[in-house]
Amino acid sequence: MAVMSFLTQQLGPDLVDAAQARPSDNCIFSVELQLPPKAAALAHLDRGSPPPAQEALAIFFFGKQPQPNVTELLVGPLPQPSYMRDVTVERHGGPLPYYRCPLILRESQDIDQMIFNRELPKAAGVLCHCCSYRQGGRKLVMLTTASRGVQSGNRAMWFGLYYISGFGVYLHPVGLELLVDHKALDPAQWTVQKVFFQGRYYESLAQLEEQFEAGQVNVVVIPDNGTGGSWSLKSQVPPGPAPPLQFHPQGARFNVQGSQVTSSLWTFSFGLGAFSGPRIFDVRFQGERLAYEISLQEVLVVYVLVFRSVSTLFNYDYVWDVIFHSNGAIQVKFYATGFINSVFHFGAARRYGYQSISRYQLAVTQRKETEPRSSSIFNQNDPWTPMVVFADFVNNETIAGKDLVAWVTAGFLRIPHAEDIPNTVTVGNSVGFFLRPYNFFDEDPSINSADSIFFQENQDAGSCESGDRPTQFGLYYNIAKGGSYLHLVGLALHVDHKALDPAQWTIQKVFFQGRYYESLAQLEEQFGAGQVNVVVIPNNGTGGSWSLKSQVSPGPAPPLQFHPQSPCFNVQSNQVSSSLWTFSFDLRAFSGPGILTFDYKENDWLMRSAYKWPALFMVWEYPTAMFTRPVNSGIGMGYFPTPLIRVECPYQASYMDWHFVVESQAPKTPHDAFGVFKQNKGLPLR
């Protein structure tokens, strides 16, 4: 309010309230907090410098000036402003022409009146036959999308007419669209330039009506059947038992004060941009900053802390989740749900869908105060000469050792289908990305979770101690009884055990810390002669980063789930049933879990879903052995960092990843094995 009062005092009485302003008026379109320069913000956060001055960014539509324009002003300091500064040229490289401003409320209302009061009566006959139209009855509603025109300087939009039938307006286009030119500041000068009705173009609504009366228009009639039907979001079945609820038996494990969120692991601040949606600042994990800002730019559409925001854009709701995981990873995910915006199908158009094109899935650039956003609200009204051109951000500049911005495009192609009626569900309609730590921490930070459970040898499973975690045993250096996989000593024996009699088994080859030997006796002989350089494995007890026992005290109990009106499902032996789904399950000795005979509402859905035998090929430091096992989760396999044998490149093996392979892709010889390498001797990775 202080900013609005200051601007009204400075700019005089010509300002009209934005809700009542016509295109020919002056109005304040928006006011939002302007983010301070990053350097000033970090100086305050990290070094105790005075906080940067708070300012607001105000966008004005000046339609009453001799040269109508859009102007942006910085106003400050807050909360009691005393100055304002024009930053339009500074932010956009030049003045903002008036035709690029978004559609304002009064302008939209005036277009609505123009269409329904002046234009539609010209085609009353065809509309009455098509969709029970009566002048003044308002069974139709107007919807539109950007952009406005076909070239820079245009301000003309296609407005589609939809039949009002309950909440499912978007599902019922009548096939009538009007191209309205509303560039003039006086609504009396607005015109309909073109008409499109159920597959054909007409010069005007009068021409459409004339051809309809002459029997030259084939009309698809839109049924008039009230508010019921498949477009209603009201369930057609009575309510069932209450769904499971989540509660915190020892209180919530996070705290929200204003816009600041804190937990035992994460802290961050959040906000909402007026035109860009949710944004998160100063993201820290265990006190260390991982990201300065995570924010949405534009829409063309265990222990977890979730920040969720919902943006409603006409017919669709977009759910934005930022999930903070206990291992220091940040997951950004969004879902799409709501009514699909349907179109009237005609002719060959039935054979085609939509395509989505994005030039960059990921672009990384130097952070600049002059490049705060990848788009602009003014771009959609003039995409031919946009105010912000993201391609200009990508200029082959060096990024090594710089303050960086990762611009991530996460999009998906929506192909409408019958199950989208009446509402598109979020299941299967989500995309996102992860910000995962790679060598950022010295170890997995989630190992010190207060929720971990740790079982010891000969321990009763029912007496497990909160704050611990389960483990497994290996055959490497038995240093910690749990982290043995991480501590191989570099000794490998190639044992021939083909014979049925164990007495005939032999050691054919010995590999020790980078070299081959014919036998252990030869290794010992050369060691005694001082010809073997040995890497000593430290014997430092059971502690250290290989222990799965948490080093922190147990925290509050994690959230629990309970069923206030009994569970919504039932398990009898290997049969699971609910109000919607039934299936059977089993566990095969060599292929793992399987689910049999899916039924959804008593309709057969699938006979069997089961894991096959995905293989994990691990190339060890000796290139003659591979390890194959069913995929699981657990302690990673360590490696002894010696140069790869029989591989002509100066790199060291870093680790082997999990791979799902088919038989034709499996390595046939040790030379065909695959690996992941790290840089060695300063050479570029290839």
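Let's start with arginine 279. Setting aside neighbours within four places in sequence, arginine 279 contacts Glu32, Leu33, Leu35, Ser269, Phe270, Gly271, Leu272, Gly273, Ile294, Ser295 and Arg373. Keep in mind that this is a predicted model. Arginine 279 sits in strand S15, residues 277–285. The residue is buried, yet has no salt bridge. What is the nearest side chain of opposite charge? That is glutamate 32, 4.3 Å away.

Next, helix H1, residues 2–11. Which of its residues are buried? Val3, Phe6 and Leu7. Looking down the axis of H1, these buried residues fall within an arc of 95°, so they line one face of the helix. In general, an α-helix has 3.6 residues a turn, so residues three or four places apart point the same way. What does the buried set of H1 pack against? Strands S1 (26–34), S2 (55–62), S3 (69–76) and S4 (83–86). Just after H1 comes glycine 12, with a positive phi of about 85°.

Last, the largest nonpolar core. It has 32 residues. Leu120, Leu176 and Leu178 have the most contacts inside it. Several elements each supply at least two residues of this core, among them helices H4 (105–119), H5 (124–131) and H6 (205–213). Now leucine 120. Not counting residues up to four places away in sequence, leucine 120 touches Ile115, Leu127, Tyr133, Leu140, Leu161, Leu176, Leu178 and Leu205.

Note on methods. Residues are numbered from 1 along each chain as its sequence is written. This is a predicted model: local features need pLDDT of at least 70, side-chain atom pairs count only at pLDDT 80 or more; totals for chains, interfaces and linings use all residues. Side-chain values use heavy atoms; hydrogens and water are left out. A nonpolar core is a set of buried Ala, Val, Leu, Ile, Met, Phe, Trp, Tyr and Cys residues joined through side-chain atoms within 4.5 Å. Buried means under 20% relative accessible area, exposed over 50%, partly exposed in between (1.4 Å probe, protein chains only). Helices (H or I, at least four residues) and strands (E, at least two) are DSSP runs, numbered from the N terminus. Contact means heavy atoms within 4.5 Å. Lys and Arg count as positive and Asp and Glu as negative; His and the chain ends are not counted. A salt bridge is a side-chain nitrogen of Lys or Arg within 4 Å of a carboxyl oxygen of Asp or Glu. The arc is that of the directions from the helix axis to the C-beta atoms.
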